[in-house]
Amino acid sequence: MTLELAGGGPVIDDKMITAYAPNITPAGEIAGWSDAELSRAIREGIRPDGTLIGPPMPFSLYKGLSDTDLAAIVAFLRTLKPIEHTVPKSVYNIPLPPAYGPPVTHVADIPRGPTAEYGAYIAGPIAHCLECHTPMGPQGPMYDGHLGQGGFEFPGPWGTSVSANLTSGDDGLKSFSDTQIADMITKGVKPDGTRMLPPMPYAWLAKMTPDDLQAVILYLRTLPPLPDYKG
Ligand code: HEC
């Protein structure tokens with residue numbers, strides 16, 4: 001915990017990408033960035049020097065962060081204890097796009113409450129459930145036509161875990177009650193008592209408010225049904 005947010009990795013290490021997460025405490029590179037520059041880096045993936053930040057930062061979701069929430073994240077990062085910790089530069093043996101999309105100038109607040117609309121905001125920009133729970137293609141998560149279908153593989157010390165199908169159909173969450181889904185999200189335990197595998201951040205998700213958790217479940221129930229992803 002002493003190196004929390006001080007960077008580390010590699011968080012991805014394969015033939016195409018060796019990505020290290022940089023130190024984002026005030027002892028790291030971002031200390032010299034203005035709030036506007038830091039906001040742009042988080043939401044648009046562009047550093048002050050104009051270079052693009054690479055995967056696995058989920059910019060296609062973060063571009064939906066509201067101005068208010070983005071400002072809160074920036075304010076929070078400024079309060080961290082500076083930790084001296086240097087990590088190597090990431091290496092991308094794949095071409096990065098020129099940008100992740102058009103500039104994002106303003107994102108309005110999404111009214112907070114136990115609604116599917118707010119759940120979509122949590123499952124996307126805030127908790128990026130959808131990044132892990134959508135199959136990964138060569139250009140990133142295949143949100144078009146495969147949203148929430150699962151099938152993203154995570155190799156690690158635990159073996160290989162595969163993200164689950166969260167859509168509303170038979171292969172997805174249809175047969176689970178709201179309570180069962182809530183327990184899987186916040187406790188990492190399936191209805192039959194089996195413990196679920198990393199890297200889903202169960203302990204963090206357990207800190208969601210009951211209304212936010214309800215919002216996420218309401219939203220998942222609206223995802224168009226899809227069969228399990230077959231590759
Ligand atoms: C870092 C990747 C990651 C993130 C982020 C993530 N998940 Fe998961 N999730 C997984 C993986 C991998 C599994 C499969 C675990 C296993 O097989 O034991 C899983 C399993 C689940 C399951 C179990 C479903 C079933 O049928 O077994 C539910 C429900 C779920 N996730 C919901 C969510 C929600 C909601 C969020 C956001 C609040 C979320 N996940 C965020 C990776 C992730």
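T167 is found in the loop between β7 and α7, where helices (H or I, at least four residues) and strands (E, at least two) are DSSP runs numbered from the N terminus. The structure is a predicted model, in which local features need pLDDT of at least 70 and side-chain atom pairs count only at pLDDT 80 or more, while totals for chains, interfaces and linings use all residues. Residues are numbered from 1 along each chain as its sequence is written, and side-chain values use heavy atoms, with hydrogens and water left out.

**Surroundings of T167**

- T167 counts as buried because its relative accessibility is 0%; buried means under 20% relative accessible area, exposed over 50%, and partly exposed in between (1.4 Å probe, protein chains only).
- The side chains of T167 and N165 are joined by a polar contact of 2.7 Å, a polar contact being a pair of N or O atoms within 3.5 Å; within protein, one must be able to donate a hydrogen and the other to accept it, and residues adjacent in sequence count only if both atoms are side-chain atoms.
- A polar atom of the T167 side chain also lies 3.1 Å from the backbone nitrogen of L226.
- Leaving aside residues up to four places away in sequence, T167 touches several residues, among them L147, G172, L220 and P225; contact means heavy atoms within 4.5 Å.

**The ligand and its shell**

- The ligand is surrounded by 24 residues, of which C129, C132, H133, L197 and M200 are the closest; a residue is near a molecule if one of its heavy atoms lies within 4 Å of it.
- This shell divides into 19 nonpolar residues, four polar and one charged; Ala, Val, Leu, Ile, Met, Phe, Trp, Tyr, Cys and Pro count as nonpolar, Asp, Glu, Lys and Arg as charged, and the others, Gly among them, as polar.
- A polar side-chain atom of H133 lies 2.8 Å from a nitrogen atom of the ligand, and one of K190 lies 3.1 Å from an oxygen atom of the ligand.
- For L197, a backbone N or O atom lies 2.7 Å from a ligand oxygen atom.
- Two or more residues of the shell come from each of α5 (129–132), β7 (159–162), α7 (178–187), α8 (202–205) and α9 (210–220).

**The annotated span**

- An unreviewed UniProt entry places the feature "domain: Cytochrome c" at residues 108–224.
- The end C-alpha atoms of residues 108–224 lie 26 Å apart, and the span is 38% helix and 10% strand.

**Helix α1**

- Helix α1 covers residues 35–44, and its buried residues include L38, A41 and I42.
- The buried residues of α1 pack against α2 (59–62) and α3 (67–78).
- G45 follows α1 and has a positive phi, near 75°.

How values were computed:
UniProt positions renumbered as here; feature names shortened; annotations may be inferred.
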